[in-house]
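Hi everyone, thanks for coming. I'd like to walk you through one structure today, so please have a look at it with me.

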Amino acid sequence: MTDRPRLSSPHDAGQATRIDLEAETDLSRCGALKDFWYVACLSTELTPRAPLSRTLFGTPLALFRDSSGKPAALFDRCLHRNARLSAGDTFDGKLGCPYHGWVYDEAGACVEIPSLGPSQRGALLSEDGHARAGLSLRPCDVGKVRTFPTLEQDGLVFVFMGDDVTKARQPPFRVPHWGDPEWTCYFMVTRFPNGVTNLVENFMDVPHTVFVHKGWFRNRKRTQVPATVERKQGSVLVTYEQENDQLTGAGFLLNPTGEPMVHTDHYFVPNVTRVDYLWGQRSGYVISSQVSPIGPLDSLVYTSISYRLPLDMPKNLVARGLRRFMKWYTTQVIGQDVDIMRVQNEGLTRAPGGLEFKSTEADLLHADIEAYRAWLRDGGLGEGPEDAKRRISFWI
Ligand code: FES
Ligand SMILES: [Fe+2]
């Protein structure tokens with residue numbers, strides 16, 4: 001098969017599925033999908049000591065902290081000979097290119113060119129000489145590297161990739177229970193070989209859990225799960241009626257007494273999911289996933305895990321051991337999703353004609369997600385998909 005499969009689905013009128021993985025991650029074709037804040041890294045990953053390389057919407061970025069500690073994001077290409085700036089150094093809140101040492105500030109301005117000498121005019125050539133040679137006399141004359149607005153919140157560094165940050169369609173997503181002393185909260189960062197639409201669908205998908213996470217998360221029960229799917233103002237809320245459902249693995253620790261389970265899955269445009277499991281008055285397990293697009297089939301996912309146990313747990317060895325277990329457990333479960341997302345990628349791309357999805361009632365929420373994302377990709381004009389509330393039911 002020599003043809004490179006296209007990564008878009010047929011756009012027949014009236015067809016629910018309209019996915020175009022390439023357009024979704026192309027800044028010039030992704031419409032309003034770029035007008036949101038996307039996570040670029042964890043706060044802890046961005047130290048004052050070294051820059052960080054990241055890619056969002058196929059655009060390479062060099063991240064660093066300025067002299068006040070605020071994150072800065074520059075297009076990752078030096079003005080001089082185009083070396084990758086993120087391979088350089090940071091010092092005094094500035095970013096130095098690794099090739100000839102040109103220095104940039106957080107506004108992308110070149111503030112020092114070592115070859116120009118201490119005066120920044122060059123020691124040997126006069127001003128006229130510089131002009132005759134067509135050389136720039138001062139670093140700031142060479143122009144600016146493109147910058148992108150940044151924002152830091154809840155332990156995450158966000159970057160805005162759109163043209164006008166004042167047109168951001170909403171503030172960044174708040175990490176559930178972040179900073180709440182009653183909850184334990186930690187992050188996981190995972191590279192997934194798939195695109196945003198397929199990933200948010202996976203994170204909202206219950207039927208896959210009994211196959212992909214068999215024994216780890218939920219066992220097949222041959223039982224019917226009724227649910228309500230509510231599409232409203234850019235979000236899709238699924239409320240499951242599965243009070244007697246039990247999660248395996250960490251589920252037992254969180255609910256040893258078998259309290260009824262309240263389970264909701266929530267999608268927020270364009271790239272966030274939040275899954276809540278609550279038992280009784282205080283026990284809970286909340287997973288949020290923010291998907292940052294690198295390319296059509298390449299994403300970084302920032303997962304927050306928050307949990308609160310049925311009993312107060314002193315900050316002792318047991319609590320530390322439990323935290324370690326939770327991290328190990330969630331790493332295994334996420335690894336299973338990475339594997340199945342790779343398998344989906346392979347099915348999609350090994351032959352032309354991928355992204356023609358057939359759906360059942362259990363996929364209604366996915367159709368809602370696709371409707372919102374297609375609307376945004378087409379520019380996000382007008383009201384978008386209208387609010388709707390439907391009952392569904394499927395077997396697990
Ligand atoms: S390429 Fe960056 S300083 Fe020369
Ligand atoms: Fe999963």
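Predicted model: local features only at pLDDT ≥ 70, side-chain atom pairs only at ≥ 80, totals over all residues.

**A walk through the model**

Let's start at serine 235, which lies in strand S14. Residues are numbered from 1 along each chain as its sequence is written, chains are lettered from A and ligands numbered from 1 in the order in which they are written, and side-chain values use heavy atoms, with hydrogens and water left out.

Is serine 235 buried or exposed? Serine 235 is buried, because its relative accessible area is 11%; the cut-offs are under 20% for buried, over 50% for exposed, and partly exposed in between, with a 1.4 Å probe and protein chains only. Which residues does serine 235 touch, once neighbours within four places in sequence are set aside? They are Glu230, His266, Tyr267, Phe268 and Tyr372, where contact means heavy atoms within 4.5 Å.

Now let's step back to the whole protein. There are seven helices and 19 strands. The C-alpha trace spans about 85 × 60 × 40 Å along its principal axes. Of the 396 residues, 52% are buried. If you take contacts between residues at least 6 apart in sequence, 63% of them join residues at least 24 apart.

How is the protein divided? The domain assignment gives domain 1 (47–147) and domain 2 (171–395); such bounds come from an automatic or database assignment. Five residues from domain 1 and five residues from domain 2 take part in the contact. The C-alpha centres of the two domains lie 41 Å apart.

What about the interface itself? About 360 Å² is buried between domain 1 and domain 2, with carbon and sulfur atoms giving 61% of that. Buried area here is the accessible area, with a 1.4 Å probe, that two parts lose on being put together, summed over both. On the side of domain 1 that touches domain 2, the residues divide into two nonpolar, two polar and one charged. For that count, Ala, Val, Leu, Ile, Met, Phe, Trp, Tyr, Cys and Pro are nonpolar, Asp, Glu, Lys and Arg are charged, and the others, Gly among them, are polar.

A salt bridge is a side-chain nitrogen of Lys or Arg within 4 Å of a carboxyl oxygen of Asp or Glu. A polar contact is a pair of N or O atoms within 3.5 Å; within protein, one must be able to donate a hydrogen and the other to accept it, and residues adjacent in sequence count only if both atoms are side-chain atoms.

How many salt bridges does the structure hold? The structure holds 14. In one of them, the closest N and O atoms of aspartate 298 and arginine 191 are 2.6 Å apart. That pair links distant parts of the chain, with aspartate 298 in strand S18 (residues 298–308) and arginine 191 in strand S12 (residues 184–192), 107 residues apart. Glutamate 241 and arginine 391 form another, at 2.5 Å between the closest N and O atoms. Here glutamate 241 sits in the loop between strand S14 (235–240) and helix H5 (250–254), while arginine 391 is in strand S19 (residues 388–395), 150 residues away. Glutamate 241 counts as partly exposed because its relative accessibility is 39%, and arginine 391 counts as exposed because its value is 54%. Salt bridges also link Arg231, Asp368 and Arg390 in a network.

Serine 86 lies in the loop between strand S4 (71–75) and strand S5 (89–91). At 8% relative accessibility, serine 86 counts as buried. Its side chain is joined to that of aspartate 76 by a polar contact of 2.5 Å.

Finally, take a look at helix H3 (residues 196–203), where eight of its eight residues are buried. Val196 and Phe203 are among them. Thanks, everyone!

Conventions: Helix = DSSP H or I, 4+ residues; strand = E, 2+ residues; numbered from the N terminus.
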